[in-house]
Amino acid sequence: MLKNVERKIQIFVEGIGGIKRLDFVHGTLYLKLENDSDCDFIHKELRTFYREFINPEGGVNMYFVGDEFAFDFVPEDAEAPVFTDKEESDVDMMLELENEMSRGK
C-alpha cells in the first residue's frame, strides 16, 4: 500500500480514538484497542472511510490476531460478507416471502 494512503488511514483512525497502538506492516493495519468490543464500530468506520475517500471498489477485512486486530484492505469481491448489500437484500427477500406465505399468497 502506498505510504500516503497509509498516512491518510492512520490520521483517520487516530481521530476515532480508543487506540492504544497503531502500526502498518506490509499494507495491513494492526490496532491494539483500549476496549476490544469497539472492534466492530472501528471496522465499520474504517470501511466507510476507505470506500468514500480512497477506493470506492474496495473493502476491509478484520481479523483478531493475538491481542490486536488486523485490517486488510482488499478488492470488493475479496471482502468478507460482513457488509455486503446482497446479504441485506437476501434477508429482505426472505422476510417478504414469509409475509406473503402468511397471507396465503
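This report walks through the fold, the sheet, the helices and the aromatic rings of a predicted model.

## What you're looking at

The model is predicted, so a few ground rules apply: local features need pLDDT of at least 70, side-chain atom pairs count only at pLDDT 80 or more, and totals for chains, interfaces and linings use all residues. Residues are numbered from 1 along each chain as its sequence is written, and side-chain values use heavy atoms, with hydrogens and water left out.

The protein has three helices and four strands. Going along the sequence, you get the pattern α-β-β-α-β-β-α.

The average pLDDT, the predictor's confidence in each residue on a scale from 0 to 100, is 88 for the protein, and 88% of the residues score at least 70. Where pLDDT is low, the predicted coordinates should not be read in detail.

## The sheet

The four strands make an open, antiparallel sheet in the order β1-β2-β4-β3; two strands count as paired if DSSP finds at least two bridges between them. β1 (19-25) and β3 (58-65) sit at the edges with a single partner strand each, so one side of each has no neighbour in the sheet. On average, neighbouring strands are turned by 20° against each other, direction ignored.

Now for the pairings of β2. Six bridges hold β1 and β2 together in the antiparallel sense, while three join β2 (residues 28-33) to β4 (residues 68-75), also antiparallel. Leu31 in β2 faces Leu22 and also stands opposite Phe69 in β4. Five of the six residues of β2 are buried, so this strand is largely enclosed by the rest of the structure; buried means under 20% relative accessible area, exposed over 50%, and partly exposed in between, using a 1.4 Å probe and protein chains only. The hairpin of β1 and β2 has two residues between the strands, and His26 there takes a positive phi near 50°.

## Helices on the sheet

Helix α1 (residues 3-16) packs on the sheet and touches β1, β2 and β4, with its direction at about 170° to that of β1. Contact here means heavy atoms within 4.5 Å. Helix α2 (residues 39-53) lies across β1, β2, β3 and β4 and runs at about 155° to β3. Axes are lines fitted to C-alpha atoms, for helices over the stretch in contact, and angles run from 0 to 180 degrees between N-to-C directions.

## Aromatic rings

Rings of Phe, Tyr and Trp (its six-membered ring) pair if their centres lie within 6.5 Å; planes under 30 degrees apart are stacked, over 60 edge-to-face, and the rest tilted. By this rule there are five aromatic pairs. One of them is Phe49 with Phe53, a tilted pair at 5.3 Å centre to centre and 40° between the planes. The two are four residues apart in helix α2, so about one helical turn separates them.

Phe49 is buried at 13% relative accessible area, whereas Phe53 counts as exposed at 55%. Ring pairs also bring in Phe12, linking Phe12, Phe49 and Phe53 into a cluster.

## Overall burial

Of the 105 residues in the protein, 30% are buried.
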